[in-house]
Structure formats: structure tokens, C-alpha cells
Amino acid sequence: MTALDVIRAEHRALAAVIHGLLHGVREVRDRGARPDAALFEAMIRYIEAFPERFHHPKEDRYLFRCLRARDPVSASVLDRLEAEHAEGARRIHALAAELARYRREGAAAFPAFAAEVDAYATFHWEHMRIEEVEVLPAAERHLQPEDWAEIDAAFGSHGDPLFGVDARTEFASLFRRIVELAPPPVGVRPTSSGN
Ligand SMILES: [Fe+2]
Ligand SMILES: [Fe+2]
């Protein structure tokens with residue numbers, strides 16, 4: 001897989017987890033389902049463990065750096081996206097804190113957690129949209145084979161020079177856990193009649 005394939009696949013995985021968070025919140029808010037705090041926690045941990053620690057830093061360090069050098073016109077959108085990477089880290093910590101508060105304080109704290117989930121989803125979808133609509137096409141136009149050699153090595157499953165190769169295994173097992181914990185349509189957990 002090329003770096004572009006990996007980035008798009010990671011965006012789809014992240015979008016699936018964000019969709020899972022939103023779906024879980026709506027089930028509670030609109031249909032009175034019992035909140036599954038362990039599932040919410042697994043989803044947030046996934047976002048903290050992979051996109052925040054690996055995906056965004058690699059974009060900054062490899063893709064964006066190379067594109068800045070080849071296409072100065074991209075600077076303003078890359079500035080914005082890099083600032084959003086920092087903001088995303090703050091937002092996911094806020095989300096984890098709201099979930100912890102909900103677990104301590106119970107139902108009264110759920111609306112604040114739900115609002116944080118909504119805000120994170122909107123923020124992150126727009127971020128990925130700009131990357132896919134503006135940055136990846138600009139990279140395809142401007143980057144040179146030697147740039148891609150470095151970027152593909154960083155994003156590929158082997159020979160990851162900055163982050164080590166174990167992350168992808170951890171990432172896959174966290175994702176599998178979410179799928180196992182979540183009921184359809186997000187995951188595969190059998191739904192019990194009381195749910
Ligand atoms: Fe990004
Ligand atoms: Fe991205």
C-alpha cells in the first residue's frame with residue numbers, strides 16, 4: 001500500500017469509530033438505551049492511541065513537510081491543518097475527561113459528554129475532508145518520487161522509521177475490540193432483548 005492508500009484507510013477507520021461514538025450517543029439520547037461506558041471508552045482510547053499518536057504526527061512530519069517544500073501555495077491550508085492536529089489532541093482529552101465525569105456522576109453528566117462527542121465529530125470530519133479534497137490531490141500533483149519514497153516508508157506497515165512497527169498491531173486489536181463490543185450497525189455484539 002502507498003502512503004495515500006494508508007492515509008485514506010486510516011481516515012475511514014477513524015470515521016467509523018467517530019460514527020460509532022455518535023451512534024452510541026444517539027441511542028442513549030433518542031432511544032433511552034443504557035449507555036455502554038466500556039464501549040465509549042474503547043472508542044476514545046482508540047482515537048487517543050492511534051490517530052492522535054501516529055496518523056496526525058506522520059502527516060505533519062512527512063506529508064505536510066514535503067508538500068510545503070514543493071508547493072508553497074499549500075502553506076495556509078497546512079498551517080490550518082497542523083493547528084487542528086494540536087486542537088484535536090486537546091479535544092480528545094476533553095472527551096475522555098467528560099466520559100470519566102459521566103462515569104463518576106452518572107446520567108446528569110451525559111449531555112455534556114454527548115455535546116463533546118458531537119463537537120469532536122463535526123471538527124474531525126471537516127479536518128479529514130479538507131485533507132482528502134485539498135491536500136492529497138495537491139500532494140499527488142506536486143510531490144516527487146523521492147518524496148514518496150520517504151512518505152511511503154513512514155506510512156507503510158514495514159520499516160516505519162519514526163514510530164516502530166508494533167503500533168499497527170495494537171491499532172488493529174483495539175479496533176477489533178470496538179467491533180466486538182458494539183452492537184450492530186457499528187459492531188457485531190449480539191443484542192440482548194433487554195438492550
Ligand atoms: Fe490530519
Ligand atoms: Fe489525516
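1. The protein has seven helices and zero strands, with helices (H or I, at least four residues) and strands (E, at least two) taken as DSSP runs numbered from the N terminus. From that end on, the elements read α-α-α-α-α-α-α. Of the 195 residues, 43% are buried, where buried means under 20% relative accessible area, exposed over 50% and partly exposed in between (1.4 Å probe, protein chains only).

2. Some ground rules before the details. This is a predicted model, in which local features need pLDDT of at least 70 and side-chain atom pairs count only at pLDDT 80 or more, while totals for chains, interfaces and linings use all residues. Residues are numbered from 1 along each chain as its sequence is written, chains are lettered from A and ligands numbered from 1 in the order in which they are written, and side-chain values use heavy atoms, with hydrogens and water left out.

3. Start with the iron ion (ligand 1). Its protein donors are Glu59 (OE), His85 (NE2), His127 (NE2) and Glu131 (OE), at 1.9 to 2.2 Å. Donors here are N, O and S atoms within 2.8 Å of the metal (3.2 Å for Na, K and Ca); water is not among the atoms, so sites may look incomplete. Along the chain, the donors of this iron ion (ligand 1) are spaced E-x25-H-x41-H-x3-E. His85 sits in helix H4 (residues 75-105) and His127 in helix H5 (residues 110-142), so this pair ties together parts that are 42 residues apart in sequence. Both side chains are out of the way: His85 is buried at a relative accessible area of 6%, and His127 is buried at 1%.

4. Now the iron ion (ligand 2). Distant parts of the chain are linked by the histidine pair, with His11 in helix H1 (residues 3-31) and His55 in helix H3 (residues 51-70), 44 residues apart. Both His11 and His55 are buried.

5. How far apart are the two iron ions, ligand 1 and ligand 2? They lie 3.1 Å apart, and Glu59 bridges them.

6. On geometry, I'd note that the site of the iron ion (ligand 1) is irregular, with angles of 85 to 171 degrees among its four donor atoms. For the record, four donors count as tetrahedral if all angles lie between 85 and 135 degrees; four count as square planar and six as octahedral if opposite donors are over 155 degrees apart and all others between 65 and 115; anything else is irregular.

7. H1 and H5 pack at about 160 degrees, with axes 10 Å apart; axes are lines fitted to C-alpha atoms, for helices over the stretch in contact, and angles run from 0 to 180 degrees between N-to-C directions. The two helices are therefore roughly antiparallel (under 35 degrees is roughly parallel, over 145 roughly antiparallel, 65 to 115 roughly perpendicular, the rest oblique).

8. Val135 is another residue of helix H5, and it is buried, with a relative accessible area of 1%. Its C-alpha atom is 8.0 Å from that of Leu78, 57 residues away along the chain.

9. Lastly, helix H2 (residues 37-49): its 13 residues reach 18 Å from first C-alpha to last, close to the 18 Å expected at 1.5 Å a residue, the expected span being 1.5 Å times one less than the number of residues. Its buried residues include Leu39, Phe40, Met43 and Ile47.
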